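Visitor: I have not seen this structure before, and I would like to learn how to read it feature by feature. Could you take me through it slowly?

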Amino acid sequence: MSQAANVLAHLKSGQPITALDSLKLFGCWRLSPRILELRQAGYRIRTRMVKTPTGKIVAEYQLAPDEE
């Protein structure tokens, strides 16, 4: 399964994903290009900036409710 397919399956399960999640789960070092691939394929993916426990701000991606 491709990295984009893994990310899509994760998003379809209703869970959000961050770059660190994608690295841990799928060995995907760069999540944003996979998100772009999915958006270009027609999936509506929301981006939200969240603060980690260490205080860093990172992008968190989630499927739009009508895509789940």
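Guide: We will go through the sheet, then the helices, then single residues and a pocket.

Guide: This is a predicted model, in which local features need pLDDT of at least 70 and side-chain atom pairs count only at pLDDT 80 or more, while totals for chains, interfaces and linings use all residues. Residues are numbered from 1 along each chain as its sequence is written, and side-chain values use heavy atoms, with hydrogens and water left out.

Visitor: What is the order of the strands in the open sheet, and how do they pair?

Guide: Helices (H or I, at least four residues) and strands (E, at least two) are DSSP runs numbered from the N terminus, and two strands pair if DSSP finds at least two bridges between them. Here an open sheet of 3 strands has the order β1-β3-β2, with antiparallel pairing. β1 and β2 stand at the edges with a single partner strand each, so one side of each is left without a neighbour in the sheet.

Visitor: Over how many bridges do β2 and β3 pair?

Guide: β2 and β3 pair over 7 bridges, in the antiparallel sense; V50 has V58 in β3 as its bridge partner, and R46 stands opposite Q62 in β3. The hairpin of these two strands has 5 residues between them, and G55 takes a positive phi there, near 95°. β1 and β3 also pair in the antiparallel sense, over 2 bridges, and in β3 the bridge partner of I17 is Y61.

Visitor: Which strands does α3 lie across?

Guide: Angles run from 0 to 180 degrees between N-to-C directions, with axes taken as lines fitted to C-alpha atoms, for helices over the stretch in contact. In this model α3 lies across β1, β2 and β3, and runs at about 155° to β2. α3 covers residues 31-40, and its buried residues (buried means under 20% relative accessible area, exposed over 50%, partly exposed in between, with a 1.4 Å probe and protein chains only) are L31, P33, R34, I35 and L38. The cover over those buried residues includes α1 (3-12), β1, α2, β2 and β3, and α3 is followed by G42, which has a positive phi near 105°.

Visitor: Is T18 buried or exposed?

Guide: T18, in strand β1 (residues 17-18), counts as buried because its relative accessibility is 12%. Contact means heavy atoms within 4.5 Å, and, leaving aside neighbours within four places in sequence, T18 is in contact with L31, V58, A59 and E60. By comparison of class, Q62 in strand β3 is partly exposed, with a relative accessible area of 31%.

Visitor: Which residues line the largest pocket?

Guide: A pocket is an open set of points, on a 1 Å grid over the protein atoms alone, where a 1.4 Å probe fits and protein lies on both sides within 12 Å along at least five of seven lines; lining residues have an atom within 4 Å of a point. The largest pocket is lined by T18, A19, L20, D21, V50, K51, T52, K56, V58 and A59. The elements giving two or more residues to this lining are α2 (19-26), β2 (45-51) and β3 (57-63), and α2 gives the most, with 3 residues.
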